[in-house]
Amino acid sequence: MADEIPPKNKPGILDKLIGHLLGNNKQNFQEVQLDAALIDEIIQIARESHPNEFVALLEGKVKDKILKIDGLVFLPGETSNQGAVMKTFMKPMVTGTVGSVHSHPGYNASPSPADLYFFSKNGLFHLIIAEPYDEYSIRAYDTRGREAEYMIV
Ligand SMILES: [Zn+2]
């Protein structure tokens with residue numbers, strides 16, 4: 001019968017662009033360190049954005065097997081009521097982005113199916129911050145959507 005490849009299995013131009021921005025080449029690291037001031041900034045932005053989601057990219061690099069994250073890269077039109085993560089292809093060309101952070105209005109910091117798909121395609125490390133938007137309501141995930149450990153430094 002039909003032997004066409006399902007369109008959903010073909011990498012689209014947007015997938016390629018996001019891959020280019022966040023890096024498809026997975027680097028090895030054993031530990032993640034998040035800058036304490038960055039956590040404060042994420043908390044503040046999540047609160048100010050509420051009830052909207054916000055999304056940003058995480059800036060950092062891997063050195064000596066440590067993934068050190070110390071900056072945010074904001075995207076035009078980063079807040080919306082739905083699908084904030086999927087809008088990240090609107091971002092300007094930047095280097096040194098290693099993952100993403102976005103907020104979940106509500107108390108569930110678990111990744112949605114769209115989040116899991118995004119994580120699997122992009123970057124190394126991802127954060128979701130839910131209400132009440134404090135350092136205890138932040139959860140971290142690896143590219144497979146598994147909860148990840150990190151240190152605040
Ligand atoms: Zn989400």
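The paragraphs below describe the fold of this protein, from its overall layout to a few individual residues.

The structure is a predicted model, in which local features need a pLDDT of at least 70 and side-chain atom pairs count only at pLDDT 80 or more, while totals for chains, interfaces and linings use all residues. Residues are numbered from 1 along each chain as its sequence is written. The pLDDT, the predictor's confidence in each residue on a scale from 0 to 100, averages 80 over the protein, and 69% of the residues score at least 70. Over residues 84-93 the pLDDT is below 50, and this stretch has 33 contacts in the model beyond near neighbours in sequence; two residues are taken to be in contact if their C-beta atoms, placed from the backbone, lie within 7 Å. Residues 78-82 also stay under 50 in pLDDT, and for them the model has 13 contacts beyond four places in sequence.

Three helices and seven strands make up the secondary structure. Helices (H or I, at least four residues) and strands (E, at least two) are DSSP runs, numbered from the N terminus. Read from the N terminus on, the elements follow the order α-β-α-β-β-β-α-β-β-β. Of the contacts between residues at least 6 apart in sequence, 69% join residues at least 24 apart. Buried residues account for 29% of the 153 residues; a residue is called buried if 20 or more other C-beta atoms lie within 10 Å of its own, exposed if 12 or fewer, and partly exposed in between, with C-beta atoms placed from the backbone.

The seven strands form an open sheet of mixed pairing, in the order S6-S5-S4-S2-S3-S1-S7. S6 and strand S7 (151-152) stand at the edges with a single partner strand each, so one side of each is left without a neighbour in the sheet. Helix H2 packs on this sheet, where it touches S1, S3, S4, S5 and S7, and its direction makes about 35° with that of S3. For that angle, axes are lines fitted to C-alpha atoms, for helices over the stretch in contact, and angles run from 0 to 180 degrees between N-to-C directions. Strands count as paired if DSSP finds at least two bridges between them. In general, strands of a sheet pair through backbone hydrogen bonds, either parallel or antiparallel.

Four bridges join S1 to S3 in a parallel arrangement, with Glu31 opposite Ile66 in S3. S1 also runs parallel to S7, to which two bridges join it, and there Leu34 has Ile152 as its bridge partner. The covered face of S1 holds Val32 and Leu34, whereas Glu31 and Gln33 belong to the uncovered one. Val32 is buried, with 21 other C-beta atoms within 10 Å. Its contacts, leaving aside neighbours within four places in sequence, are Leu67, Ile69, Phe125, Ala148, Glu149, Tyr150 and Met151.

A nonpolar core is a set of buried Ala, Val, Leu, Ile, Met, Phe, Trp, Tyr and Cys residues joined through C-beta atoms within 7 Å. The largest one has 22 residues, of which Ile69, Phe125 and Ile129 touch the most other members. Two or more residues come from each of strand S1 (31-34), H2, strand S2 (55-63), strand S3 (66-74), strand S4 (97-104) and S5. Ile129 touches residues including Ile42, Ile43, Ala46 and Val101, not counting those up to four places away in sequence. Ile129 also has Ile138 in S6 as its bridge partner, and S5 and S6 run antiparallel, joined by four bridges.

Leu38 lies in helix H2 (residues 36-49) and is buried, with 20 other C-beta atoms within 10 Å. Beyond four places in sequence, Leu38 is in contact with Ile69, Asp70, Gly71 and Leu72.

In helix H3 (residues 113-121), Asp115, Phe118 and Phe119 are buried. They cover an arc of only 100° around the axis, which puts them on the same side of H3; the arc is that of the directions from the helix axis to the C-beta atoms. Pro113 and Ser120, on the other side, are exposed. Strand S5 (125-130) and strand S6 (138-141) are among the elements that cover the buried residues of H3. Just after this helix, Gly123 takes a positive phi of about 70°.
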